[in-house]
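These are my notebook entries from a first look through one structure.

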Amino acid sequence: MGLEDRIGDGSAVLGVIGLGYVGLPLAVEMAESGSRVIGVDVDLGRVEQLNGGTSYIADVPDERLRPLVEAELIHATGDFSELAAADVVCICVPSPLDDMKEPDTSYIESAARSIVPHMHEGMLVTLESTTYPGTTEEVLLPILEDSGLSIGEDFFLAFSPERVDPGNERFQTKNTPKVVGGVTTDCTRVAAAMYGRFIDEMVPVSSTR
């Protein structure tokens, strides 16, 4: 069974790297759609808190998170090797401005290097971190290709920039239109199918840029 089939029937395991104000609400939406989610964060205090059913993000109340943890639909970890069980990995790490007011991609690069040893055929990787046009193919793709897998054939890669407005009671992850652009047309199609399971409106575009 291919990745799109597993996405369609909900059996695909979804991974999220970075469980902050972008990654945690995303993981919750994924889990509420019935998918099993592996959340990875380097902050082990966050990991322990989440696995106890307690949220530290205002947009995710404990009452929403706890049932998902108890049903084993969301599992948090600091161990990147658990991503070997994932079919999809979404990178939601910070991309702060550096001293030159340019996006600091070091967290994105670190996350990508952490994925490489655990990549497998059919995996989809998406980037959600806010960054400059070209980051997906110029920074992320060369790192992921160190896995020996071929883009568009063995694995899929797309950019779908986060559009979270923390505290906005009207527009949250599920009902904010999701823009998705892949490195190849197949990458775009697979990524749109994945996000389309739990986000109301998809906006596929011509490229990652």
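I began with what I mean by a cavity: on a 1 Å grid over the protein atoms alone, a cavity is a set of points where a 1.4 Å probe fits but cannot get out, whereas a pocket is an open set with protein on both sides within 12 Å along at least five of seven lines, and lining residues have an atom within 4 Å of a point. Grid points are joined across faces, edges and corners, and a volume is the space filled by probe spheres set on the points. I kept in mind that this is a predicted model, in which local features need pLDDT of at least 70 and side-chain atom pairs count only at pLDDT 80 or more, while totals for chains, interfaces and linings use all residues. Residues are numbered from 1 along each chain as its sequence is written, and side-chain values use heavy atoms, with hydrogens and water left out.

**Entry: the cavity.** I looked up the largest cavity and found about 240 Å³ of space in it. Its lining has 22 residues, and nearest its centre lie Pro25, Arg163, Val164, Gln172 and Thr173. Helix H2 (residues 23-32) gives the most to this lining, with three residues; helices (H or I, at least four residues) and strands (E, at least two) are DSSP runs, numbered from the N terminus.

I then followed Thr173, which is found in the loop between strand S6 (155-159) and strand S7 (178-182). Is Thr173 buried or exposed? Thr173 is buried, because its relative accessible area is 17% and buried means under 20%, exposed over 50% and partly exposed in between (1.4 Å probe, protein chains only). Leaving aside neighbours within four places in sequence, Thr173 is in contact (heavy atoms within 4.5 Å) with Pro25, Leu26, Glu29 and Ile199.

Entry: The largest pocket has a volume of about 430 Å³. Of the 24 residues that line it, Ile17, Gly18, Cys92, Val93 and Pro94 are the closest to its centre. I noted that helix H5 (residues 106-115) supplies the largest share of this lining, four residues.

Helix H6 (residues 135-144) is mostly covered, with seven of its 10 residues buried; among them are Val139, Leu140 and Leu144. The buried residues of H6 pack against strand S4 (88-91), H5, strand S5 (123-127) and S6.

**Entry: the backbone.** Most residues other than glycine have a negative phi, and I looked for departures. Glu72, in the loop between helix H4 (62-70) and strand S3 (74-77), has a positive phi of about 60°, and Glu72 counts as exposed at 64% relative accessibility. Lys101, in the loop between S4 and H5, has a positive phi near 65° and counts as exposed at 63%.
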